[in-house]
Each structure stands twice: as C-alpha cells, then as structure tokens.
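Here is a briefing on a predicted model. Please read it alongside the sequence and structure shown below.

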Amino acid sequence: MIHSLFLISNAGDLFLEKHWKSVISRSVCDYFFEAREKAVEPDNVPPVIRTPHHYLINIYREKIFFVSVIQTEVPPLFVIEFLHRVAETFQDYFGECSETTIKDNVVIVYELLEEMLDNGFPLATESNILKELIRPPTILRSMVNTITGSSNVGETLPTGQLSTIPWRRAGVKYTSNEAYFDVVEEIDAILDKSGTAVFAEIQGVIDACVKLSGMPDLTLSFMNPRLLDDVSFHPCVRYKRWESERVISFIPPDGNFQLMSYHISAQNLVAIPVYVKQNISFFETGSSGRLDITVGPKQTMGKTLECLVVTVHMPKVVLSANLSATQGTYNYDPVTKILVWDIGKLNPQKLPNLKGSLSLQSGAPKPEENPSLNIDLKIQQLAISGLKVNRLDVYGEKYKPFKGVKYVTKAGKFQVRT
Amino acid sequence: MSASSAFSDEKGGSASEPEYGHDPASGGIFSSDYKRHDDLKEMLDSNKDSLKLEAMKRIVAMIARGKNASDLFPAVVKNVACKNIEVKKLVYVYLVRYAEEQQDLALLSISTFQRGLKDPNQLIRASALRVLSSIRVTIIVPIMMLAIKEAASDMSPYVRKTAAHAIPKLHSLDPEQKDQLIEVIEKLLADKTTLVAGSVVMAFEEVCPDRIDLIHKNYRKLCNLLIDVEEWGQVVIINMLTRYARTQFLNPNVNESLLEESSEKAFYASDDEEDEDKKAEVTTLEKRKPYVMDPDHRLLLRNTKPLLQSRNAAVVMAVAQLYFHLAPKAEVGIIAKALGMFEPYLKSFYIRSTDPTQIKILKLEVLTNLANEANISTILREFQTYIKSMDKDFVAASIQAIGRCATNIGEVRDTCLNGLVQLLSNRDELVVAESVVVIKKLLQMQPEQHSDIIKHMAKLIDNIQVPMARASILWLIGEYCEHVPKIAPDVLRKMAKSFTNEEDIVKLQIINLAAKLYLTNSKQTKLLTQYVLNLAKYDQNYDIRDRARFIRQLIVPTDKSGALNKYAKKLFLALKPAPVLESPFKDRDHFQLGSLSHLLNAKAAGYQELPDWPESAPDPSVRNVEVKDSIPDWSKCSSRKDRKEKKVEKPFYSDSEGESGPTESADSGNCGESSASGSDESGSGSESEESREETESEEEEEDEEEEKKKRKKLDKTKAKKQAEESAERCAIHTIHQIRTIAPSGSIKMYELLHRITGEGLAVEYCFSRQPFSPDPNMVAVQIQFTNNTNSETKNLHIEDPRLQSGMRIREFAEIGLQPTGESVTVVMGIDFCDSTQAANFQLCTHTRKFFVSIQPPVGELMTPTFLTENNFKKEQGKLMGMNEILEKLTLGEKCVNEHVIVERVTATANLSRVPCGSDKECRFAGKTVSSGCLVLVTVTTKEGGGAQLTVNCEKMVIGTMLVKDILQALSQ
C-alpha cells in the first residue's frame, strides 16, 4: 500500500525519507514541489497528486508535509488517516510534532515508522503497543542509556498485541489513580453582514487522561446524552451500550487519548457567544479605506470570553493600516496581508474597538469585496452545547480514583462575512 | 518490561569497558585523515554495544536523510547477530534498505534469520520473518517460502500475522510462487483470530483478488470478526466484502417495482378468487421469485453498521461505500448522518473564505447537487456571496454552479439569468467572461424569450475584452440574429472594423457571424461579409484562412460552387441541441466509491472492478461452514422450519455477540460465555418441567453424551418435550431450544428471547392457531413474557419491524408494567405473505431493545377449511399437474393407525380433516392465511407400513415444504 514516506518542511526541505518496499528516488517529490508552488498556500496543495508512475498522497500538519508514495489502488482516506496517525504518534512521543523534534529523534522516528508499517500495510498503530516496543525518550532514560548502553527497544511482544484490547497494556500500576476528562467544544459558524448566523454547529471532543492501575472498566454517563447527534468513538468504546443506554462504557487505554468526538448539527440552536460590529470600506478615490470593528459578548452563559483574536485577510491592494485599538494589540503584515488584532479578555463594560484608516496601492481599483473576519476565542468552564458529564463509574478495580472533568469552548472555523 | 531491561543492562555490563583514548567517534571528528565512514566502521567493529549502537544510530540518521551509506554494508552486516536488541533492530533497518544492492553480502545474514525463526520468543520469530521477507534477493525465495509456510502454522497469532504480511512481499519478488502462496492464504483465511484477519485479506487482495471462492467458507466468520479487527484491517475487509457481495447476492434494488406489483397481486388475490389470476401469479412467481435478501447479505449490512461510529474516517468511508453499493435504497440513508450528506445538512457545506481550494470546489459541487425547488433561493443567496470572493477561480466555479442550478431547476432559470446578467457589469473581467459563457449556454435553451438579454450582450461587446466572452457573444448574436435583426448587422460592422486586432477565437466567430447574417440578411450584410472574408483570407493564422475559404465556397453562390450551396442555410442555422451543463465530477460512478481510482477518475494499478450484480444468485450454501455433524444435519434436517430458523438466527446471535465484542472478549471468551449460558439453560429446563418422565431425561442425557446437534422428537402422546442441543455452540454462538409445553398438548412454544440474553426477560411464542380477529389474513402469534428480573419491566412494545416486502405486522398493545416474576401473554398478528421468511423486529422495554425474529413453520401459514368429500375431490381435480406433489413413504413404527396419522398431520400443519369413506385414506384441507389458496393433503396407507402422501396446492413452494414436514412427522 504505502510505498515510501517523505517529510518535507514548509520551506521545501526534504528532511526524512523512509521506504517500506524497494527504494523510490526522492526525485518523485519534484511533482509535489511543482504542485506546492502552484497552490500558493500550503493548505491548497491537492491531497492526491498524480505522477506518471506513482500517486502522492499528502497531508500538511504542524508545518510539515507528510508525502506518501503510492503505486497501486488504495482508499485515499486510508492513507490520509494513517499519515495523521503518524503525526499524532510523533506528538505523543516527543511532546510536539515539528521538524526540530523529528530531526532530534530521528532514530526513534525511524524505529517507529518501521513498526507502524510492514510492507506498506499498518502493523502497530496503537500508542500503548508502540510504547512497549519503543520507549519514548525521557531525559533520565537517555542519560541512563548512554552510560549503560541499554536500549529503548522492548524485547518481548507487547501484551496488547495479542489481547482483544490492544489499546491497553497489561500490568499498569499507579500510586495515585486519576482519570481526567476534557470536554472541548468548537463552534464552527458563519455570520452574515448583519451578525445573524447563516450557519453554526458544534464540533466536540472528549479528551481523556486516564492513569488507573490494573484493568478498570469505566462507564461515563451524561446528564443530556440526547444532545449528541453524530458521534464517533475510540475503538475501546462499546457501541452497543451507547446504542441502548446512551452511556460510554470502555476499558481505557493507558494515558492520553481521545475518547470520542461528536457533532451537534445546525438543526439545534447553537449559542453564538460573541457579536461583531464592523464597518470596513474602501473609497473610490484617494487610495484609502476605513476600518472600524467592535466586539461584544452575546450568549456567554455568564462566563468571560478569553483569548479573543480577530484575524482579517485583507485584499492585496491594502498596503498598510494605521489603526488604534482601545484594548489589546494589532499587527498588520503587509506581505501576507493579514491583520491580527489580539484582544485578550473581553470586558463587557468597555467593549474593545479597533478603528483607523487603511492605505491602498495608488492607482489600483478599489477592492470588490470586503474581507471577512475570523474570530478566535475561548471560554473556560463551559461547554456551549450544554453537554454535562453526569458521573464516572469504575468497575473491576477496588480503588477510588480521583476524577475530574473540565469544560472549554473555543471558536473553530468562526467567520464573519462583511 | 523490567525483566527485559535487566537483561539489556546485563548485556551492557558484560561488555568490556571502553578505553576512552581509543574512542573512534571523537577521533572521527578531529582527524581529517579518516576515509569516509571509517570512524563508523571502527565503532561497528568494537566489542562494545554502546559504540555499535551509536554508530548504527548515526547510520540510520544518514539513511533517513537519504544519504548513501551502502559502503558500510560489510561492517554492518557483521552485527546482525548482535545481542543488543536495539543494535539488532537498526541493523535490520539497514539490511532491508541495502540488501537489494548488495545481494551477495546480504546472504551472509540469512542464517541468523533462519535461527531467529526458531526462537522461543514470538517477537523475535516475527521480526526475523519480517526482515527475511523484506530482503529483496531472488536467490532466497525458496527459503522465504518455507519460512512463510512454517510461520503460517505458528502457535502465535502475531507470527501468523507476520506471515500474512510476508505473502505479498514474496509475491512481488517472484510471481511464480503465486500458487503456493494462495495455499498459504487459504490456510490463513481460515484463521479465527482478529489479529490475522485484516492482514490475510490484504494479502488476498494483492495476490489473488479474483479467487472469491476462497472467501465463501470464511465469509460469515469475517463478518462476525469484523468489529474486533483493528481499524486498518476493517477497511480492507469491508472493501473486499463489498466486491464479494456483488458477485454472490442479488441486487436489492433491481426488481423493486416488480416486487411491489407481485405482492400487491398476492394481496388482492385473497379477495377475488378467480383462478386465472392466481395462475398468472404463480407463473410470475416461478419466473422470477420475489426478491428476498440472502441472510448473509443482511449479515454483512448489519455487522458493518456500528462501524459508522469509528473514529477512523477511512472505516466510516468504507462502510458508507458498502451501503452505497450493497444496501437497499431505503437503508442507504443511515450513512447520511455520519457523512453529513443530503439536504438537512445543506448549511454544513457553506463555504468559508479560508477553506482550501479543493474543499471549496467540492462543497460547491455538493451544494449544486442538493439544490432543488425548495432550497434554491437559499442556495442562490449563498452563491451570491461567493461571487464576491477574492479567489477568482472560485468565483468562476460559482458562476458555473449557478448555471447548473439554472439548467436543473426550470423555475429559477429566469432568476439565475437575471443574476448573471447583473454580473455582466461586474468590474472583474473574469467574472463577466465566465458569466457570458454561462449565459450563452442558458439562452440556448429558450432563446425566444430572451431577446432583450441578447441585446444587452450585444452592447457588451464594446467593453468586454476577454476573448472567450467576446466569442460567446458573437456566436449568440449570429445564432439568434433573427431575434435581433437590427442589432446584428451593426455588431458585424463594428467587428469588421476591429477584425485585425482580435484574438483567433474571436476572428473565427466573426466569420461565423458574417456567414449567418449573409444567409439571413444578405441585403444589409453582403458587403460587410465580403470585407470580413477578404480580411480573413490574408490572416496570419492558417485556420482562419482555411475557414474563410471554406465559408466563402459554401455561402456565396458561384458557377463552380457545388451542391452544398443550397443547403448552406440548413448547415449554419440548424437547430442546435442545448448544451448540458455538466458536473466536473460526473462519469466516475463506475468506480468503487472512496477508491483512489474514483477520486482520480482513472483506473489506478491494481484496481479491482466492482462487478455487476449477478442475474441469479449463486448457490448460497457455499458459505455454510463445514462443522462436524452439520452437513448431515442440514440435508436430513428434521423439518424445514428448523433449518430455516437456524439459518436466520445464526447471524442474528453472532451479531449481538459481535456488537458487544470488546465487552465480553475483554474478560472472557465468547465461547465460554455462551456455552455457560447454554448449560444453564438446559439445567433450568429440566427443573421446570416436572411432568417429565424418567425415561425421557435419560434419553436427553444420552443426547448430550452423543454430543450431537440433533433434534430429538418424542412421541407426542407420551412426551411433551423436544430439545435441541447444539454441539458446536461455540462455533455458531447460538443455543436454540424448542419444546412443547405440557398443557396445550400439540402446540409448540418457541423461544423468542432467552432470559439470559434478555437480561431477565424471557419471551416465548407459539402459533395459537386461533383466527386473528383484527385481520383474517394474519397469522396469530401468541407471545408470553416472563419477567425474571428483580425489577418491574415497563413499556414493553415492538419497534422497528424489518419485514420482507408485502409482509405486515400488527403489534400487540404496549404492556405498560410487568411486575417481577409474572408472566403476561399477548397476541400479535403477522401477515407472512405465505412465506416462511422471518419477521424481524425489536422488542423494547423502557431500558433495552432486543432484536428478535419470528419465523413460521410452513404448517402454521394455513388455516383449516371445511370441505365435503365431493368438494375435496373436485378441488383436487383442479390442482393437478405441477400443483400436485406425490411422495411415497414408510410410516414410522408408531404410526399404527389412522388416529396417529391424523394427529401427526394436524400437529404439523394447521389443517382440518375431511370426511372420507375409505379407511385407507386420510384427507385434510386448509387455506393459506394470507392469500387463501387451498391446501389439500391426502395420505393413503398401504399394506406393510407403506404409504403415499399427496399434497395439492397452487403455491408450489408451500406444497413442497409441507410435503417435507409431513413426511418427517409420519416417518418417525
């Protein structure tokens, strides 16, 4: 299936290659570079690129292109999902998935890739199994290894590989048993000029950090499970219990994992926590324009909006911006034409405002369209959908674990049209 | 893991201490005299593992950067047997990378792997096989083959999985090995572990995807294992099974219409008793049996459905394409929610300015396809915002989308056209040009009504510069010059003026316009045309010169002009078909959804065509699994009903097992659990039935001793119980028990829900043989609920019936409350349409839902009819030939007299006795419940225990099945 993998930085540096069958020359990436150039933005690179003898399927993540080489028919999503899994594994191992960390840990990366695919077909992708085969680097361990010459590589087959719960390793032991769940919701929305939502939906995930000894069997229930419309689960979750009782019943993997993701569709009314009053206009003459943006709270359920950022992709003819912000800082990058206004915490008493003039390239016609605004924000201690975890029960083990649930709401793809 | 680290510690310790002065690593840095990689070679030759490891790490880093490290091969390969596992692994990495280039040296390492293959540690065996099979050196093919064969029967499933992975490797190295490899695949396909399943199917797909015969016996197992297979394997298996299903099952959608017709007929047939009608129906039935989904087909659909909730998008997509290609149309909707398709999700496809281009184009396509009369205004409003986007390619795509909406939805054509005309005054020329092109296409559909737009376009020619748009306008004016008779010549005049400065495509259209005007309005345009043609004659472009010469010959009559001249008008002004505005994504339906080929709309190497459905279904019995005893049992199965029930219920139970897979398999094997419940069940059975006699329980024990899945039927006058025990419970995950309850004599109770599966709720049912008063065409089914739980069961009711087309169900009224320990009996009606297909539905309590199914024995599909002897003979006379089935039989020992025969027959089928003069003959008559067809049964006894059975019924299927059941009853 997957013949080879090339990692290419955003700057175009091909810094890692790995082949699972016979070697394919890295010159195959020229086709990728060609497409990359044509796409202008890295996001616009087509995920599947056809070359005379191969197909290149790529993803762009953390400023790295993961370019895989395919020779025969394979579902493209299969490859894309796998590449994402590779990136997630790196993140899991090294704390972040970046060019630097991959270069620093190139041997472990290579060992991981070797275990994750055999002859191009996925072999071990579960984090718990991989960690038994190849231990993640820690400062202490790498020091000990240097002195003793002992290795990072496991010598026996990970227990999970043969069990029916491959995601959990056996013999887990903790002195303090803890289980934390983060309910993270992102609002995807499009607001029109007048501020009404053309479309809004919620994408939620529940991230878990479970550090429990032994083989605990957990049941997580919600106060209002009916809210959840379209759900997908980590393989550990029993579909049947969800179908019949609307509870999440599972034997958790050890450590961090994403328990489930859900989607609350546009049919339900989605609360929009923020409103934007904006007036951006370009004048016919004088090569200038005006900008006036005010942000205020809408349906925040009594919580504070934090980390508020407004991003505007200006038309190409905008040369500079001369603005003043009543709160926060703004920055206009004349190369990328992106205006970023970092507001921070929203004070409902004194609404932040950004106002001033824009200067345009002289002689150029005034832009057809006003740029749309992208909003970023964060609300702590609130799941905007109203989803509430009811309780977590532990079966199969005697101890009483420490349990915690955290809620946070963020703006996902939140766009205001102007 | 602590043991292993201790082990490596020991290794580290046992190695001799390094002499720091000799550290070649540091030497390498400072000494420029070292040859390339000499420092690394020295480190590899040292006897200290940490140095070797360091060297290997640096070498692997080189490989990762794509630098050539092949000259180190001899130094590295020496370390293949190194005790340090990390060094070893890195050496493996190196070997696999360079073995192809250094074949001779690579052979040195082979013996190490051969030794590794025998190692007691399964991880070492597996990795030895992995590396051995990854070394692409042809000379070791026989060794690989042997290793794969051996590993395929390894105790460890992990090693067997590795063997499955090795198969395609060897196949690509030496395709000659295919036949031997197929044998290994066949063997591994039979493997029962989830670990192996995905990998071996992958091997199957790469080596012998056309050998679907290998799948038959493993089909049900693969379906049942699916939910527990790792996600990557799931994708491969689902894709393969999609293809398999296309070759083995019938198209669930093909005779949808036909089916409705025939079922309707069957329904009406009960009202009007005209024989002819019925006969006609029988013949159609014969020709084309109504579509009945193969239970195996259903099994696949059912077992893949929960995977829609997988976190892995590839799995979700695989299930979606499976439903798309295999499911009845009505069920395809379930994938919509998970995928976010279809109308209610319209707004999810609204486009943000920050979306990547390919996403924008796809969303636009979806929006266009979702557009209909109801939502078009919303969509058009949305499109209007897209037209203002800064991304001009996207704007062009949006305009085309508007054009497509306009062609698809007649009502909004004018609105769209007006919108597009407004765009003509857009500042951006690209936008205008694209609009002109689209407007041209739209106008071609109804030019008469839009001469004002054509006029408007004619005015545009003064301003618009994009050649394609100019060409489009000129074509439009030429084509519809009769609608704008005054403007057209004027446009030609202007164009003649600017001819020399125009682009080639515009010039061609000017010539075209001139020719058309010359033909329709030569008075005004003759000179202009001559002028244009003269200009073209001396054009630099030979296409234009050619065109000018060609057109002149055609339109200007001269002495030499040929016969074509008089047809010139017809040639130029022929009515042209309106263009179809097509989706850029059309024409790829023939590829399997979600495949690379589908995405690219071109066949990728190794793509397996999705076959068309077969005309008639291949033999479904090929999928029956060869389990001991089951074959003889199937063939001489005691009754049709039994066989049917097993067939249907098997997937059903396995499914529920499968769904809870992770749960149960987590702590105990499925087998253990079901056999435990099985013994529990038979235990409870023996306690509850006190009326049983000693001899019977002995017999039953005998049964168990024999461990045979055999139905033991005891004489009804004495015995009240039948038990069926399954010997291979584990294999089929089902326990089935039928027994007759003592008080009601010949009425058998069937189990609908066992109290263990039902979590305390036990449900039994019987065919009460009472007419079902609310609807005489329904069979009455009496259902008894027993609540064995400690709490009340509430709101017992039926949900979600899944019936074959034509079948109907009348639910019992909801049971509001059922106290602990109590039993409640209700009656429901089912119209089985005179078939023994099961009625599937969900039994719901206030907390749970259970999938259950009721399947009638053929004898329960009829109701007694009273006939006189003469009537009987008359009716029998009408049902001769194909409608009569004769069968000879030997009566069982206990069928000593007429009385017993009557009892046996009436127990098997719900018929009434017809008075008869002869004591050698017993006659019975009945009607099928649903369609009211007569069923006549005659048993003629002969001397010496012989007998002849005659069944007359126009429903031949019913006749055949009934014969079997009665034969069975009488020969016992």
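**Cores**

Among the 234 residues of the largest nonpolar core, A:Phe66 and A:Phe90 touch the most other members. A nonpolar core is a set of buried Ala, Val, Leu, Ile, Met, Phe, Trp, Tyr and Cys residues joined through side-chain atoms within 4.5 Å. Buried means under 20% relative accessible area, exposed over 50%, and partly exposed in between, with a 1.4 Å probe and protein chains only.

- Helix α2 (residues 76-94) of chain A gives the most to this core, with ten residues. Helices (H or I, at least four residues) and strands (E, at least two) are DSSP runs, numbered from the N terminus.
- Leaving out residues up to four places away in sequence, A:Phe66 touches several residues, including A:Leu5, A:Phe6, A:Leu7, A:Leu83, A:Val86 and A:Phe90. A contact means heavy atoms within 4.5 Å.
- A second, separate core has 87 residues, including B:Tyr350, B:Cys405, B:Val491 and B:Ile511.
- In soluble globular proteins, nonpolar side chains tend to be buried together.

**Conventions**

- Residues are numbered from 1 along each chain as its sequence is written, while chains are lettered from A and ligands numbered from 1 in the order in which they are written.
- In this predicted model, local features need pLDDT of at least 70, side-chain atom pairs count only at pLDDT 80 or more, and totals for chains, interfaces and linings use all residues; side-chain values use heavy atoms, with hydrogens and water left out.

**Chain totals**

- Chain A has eight helices and 23 strands. Chain B has 42 helices and 18 strands.
- Of the 418 residues in chain A, 58% are buried. Of the 972 residues in chain B, 55% are buried.
- In chain A, 68% of the contacts between residues at least 6 apart in sequence join residues at least 24 apart. In chain B, residues 24 or more positions apart account for 63% of the contacts with a separation of 6 or more.
- Chain A exposes about 17100 Å², with 51% supplied by carbon and sulfur atoms. The accessible surface of chain B is about 43700 Å², and 52% of it belongs to carbon and sulfur atoms. These areas come from the Shrake-Rupley method with a 1.4 Å probe; for residues, only the protein chains shown count as cover.

**Aromatic rings and charges**

- The whole structure holds 26 aromatic pairs over all chains. Rings of Phe, Tyr and Trp (its six-membered ring) pair if their centres lie within 6.5 Å; planes under 30 degrees apart count as stacked, over 60 as edge-to-face and the rest as tilted.
- The ring centres of A:Phe233 and A:Tyr239 are 6.4 Å apart and the planes meet at 45 degrees, so this pair is tilted. Both A:Phe233 and A:Tyr239 are buried.
- B:Phe785 and B:Phe812 pair edge-to-face, at 5.6 Å centre to centre with 65 degrees between the planes. B:Phe785 lies in strand β6 (residues 779-787) of chain B and B:Phe812 in the loop between β8 (808-810) and β9 (815-818), so the pair ties together parts 27 residues apart in sequence. B:Phe785 and B:Phe812 are both buried.
- One aromatic cluster consists of A:Phe32, A:Phe33, A:Tyr60 and A:Phe65.
- B:Lys360 lies over the face of B:Phe394, 5.2 Å from the ring centre. The charged end of B:Arg623 sits over the ring of B:Tyr219, 5.5 Å from its centre. The criterion is NZ of Lys or CZ of Arg within 6 Å of the ring centre and within 35 degrees of the ring normal.

**Helices**

- In helix α4 (residues 106-116) of chain A, eleven of the eleven residues are buried, so the helix is largely enclosed by the rest of the structure. Among them are A:Glu111, A:Glu114 and A:Glu115.
- Helix α26 (residues 451-460) of chain B buries B:Ile453, B:Ile454, B:Met457, B:Ala458 and B:Leu460. Seen down the axis of α26(B), its buried residues fall within an arc of 150 degrees, so they line one face. The arc is that of the directions from the helix axis to the C-beta atoms.
- The buried residues of α26(B) pack against α24 (413-423), α25 (429-443), α27 (467-479) and α28 (487-498) of chain B.

**Positive phi**

- A:Arg246 is not glycine, yet its phi is positive, near 60 degrees. A:Arg246 is partly exposed, at 22% relative accessible area.
- B:Asp834 has phi near 55 degrees, also a positive value in a residue other than glycine. B:Asp834 is buried, at 8%.
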